[in-house]
Amino acid sequence: MFGVGIDTVLFDLDGTLVDTNDLIITSFEYTLAQFFPNEKKEFNILPYVGEPLVETFSRIHPEKAAEMVEVYRIHNAEHHDELIKEYDGVYETVKELKQLGVKLAVVTNKLRQPALRGLEMARLDSFFDVVVTFDDVERAKPDAEPVMKALRQLGAEPESSMMVGDSQFDIEAGHRAGTKTAGVAWSLKGKEFIEHLEPDYVINHMSEIIDIVGVQQR
């Protein structure tokens with residue numbers, strides 16, 4: 001059906017398929033307030049959104065990083081359902097890709113349980129047979145391991161696959177794995193940031209992926 005074009009699309013989760021921006025920022029600010037109650041701790045989270053939490057918190061307080069991760073995750077879980085939102089066109093696009101026979105997977109640096117909950121809340125869980133999370137790998141994105149693991153489980157090749165995400169960790173992981181890459185313009189970090197990463201495609205609306213896959217098939 002697909003020839004030498006794209007027959008596989010891998011998606012990041014947070015900030016790509018599901019709008020968790022408010023949840024991430026709120027949980028991060030709450031965690032800082034717990035560990036620095038007597039000072040306004042300034043830290044720009046935006047460049048690090050998408051990387052494993054322990055690495056981000058290690059930049060702030062190496063000795064307390066593990067504890068900070070735990071506080072963040074508890075707050076995140078407690079407020080998850082009330083703060084996440086759907087992005088326009090994501091459900092319809094993923095559904096159409098599935099109907100077209102495109103192989104689909106989620107590749108995220110999030111833990112498995114909250115990742116699956118996010119997919120369920122966004123009504124996307126039935127479309128993905130493969131979900132690779134932080135729990136499933138030794139080296140998270142931007143390493144190629146999560147992408148390669150998803151491709152193996154799907155029986156897909158990098159040359160006919162595309163990694164879609166909102167951060168440098170997604171684009172770099174795709175590049176390292178040898179897939180095509182697409183950056184989403186609705187990234188919390190901004191469209192210019194995504195363009196600077198030089199993905200193969202920058203998409204302004206998720207529905208554009210249908211055209212990319214269609215063009216690649218011809």
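Strand 4 (residues 103-107) is largely enclosed by the rest of the structure, because four of its five residues are buried. Buried here means under 20% relative accessible area, exposed means over 50%, and partly exposed is in between, with a 1.4 Å probe and protein chains only. Helices (H or I, at least four residues) and strands (E, at least two) are DSSP runs numbered from the N terminus.

A quick word on provenance: this is a predicted model, where local features need pLDDT of at least 70, side-chain atom pairs count only at pLDDT 80 or more, and totals for chains, interfaces and linings use all residues. Residues are numbered from 1 along each chain as its sequence is written, and side-chain values use heavy atoms, with hydrogens and water left out.

What does strand 4 pair with? Strand 1 (residues 8-11) runs parallel to strand 4, and four bridges join them; strand 5 (residues 130-132) is also parallel to strand 4, joined by three bridges. Two strands pair if DSSP finds at least two bridges between them. A105 is a handy landmark: A105 is the bridge partner of L10, and V130 in strand 5 is the bridge partner of A105.

Strand 4, helix 5 (residues 112-121) and strand 5 form a right-handed β-α-β unit. Right-handed means that, with the strands pointing away from the viewer, the path from the first strand over the helix to the second runs clockwise.

## Helix 4

In helix 4 (residues 90-100), the buried residues are V90, T93, V94 and L97. They sit on the same side of helix 4, because they cover an arc of only 95° around the axis; the arc is that of the directions from the helix axis to the C-beta atoms. E92 also belongs to helix 4, but at 48% relative accessibility E92 counts as partly exposed. After helix 4 comes G101, with a positive phi near 90°.

## Pockets

On a 1 Å grid over the protein atoms alone, a pocket is an open set of points where a 1.4 Å probe fits, with protein on both sides within 12 Å along at least five of seven lines; lining residues have an atom within 4 Å of a point. The volume is the space filled by probe spheres set on the points, which are joined across faces, edges and corners.

| Pocket | Volume | Lining, by class |
|---|---|---|
| Largest pocket | about 560 Å³ | twelve nonpolar, nine polar, ten charged |
| Second largest pocket | about 250 Å³ | seven nonpolar, no polar, five charged |

Ala, Val, Leu, Ile, Met, Phe, Trp, Tyr, Cys and Pro count as nonpolar, Asp, Glu, Lys and Arg as charged, and the others, Gly among them, as polar.

The largest pocket has 31 lining residues, with D14, L53, Y72, N109 and K110 nearest its centre. Helix 3 gives the largest share of that lining, six residues. The lining of the second largest pocket includes F28, F36 and F43.

Most residues other than glycine have a negative phi, and most peptide bonds are trans. R123, in the loop between helix 5 and strand 5, has a positive phi near 65°. E198 has a positive phi near 60° and is exposed, with a relative accessible area of 64%. K141 and P142 are joined by a cis peptide bond, with omega about 20°.
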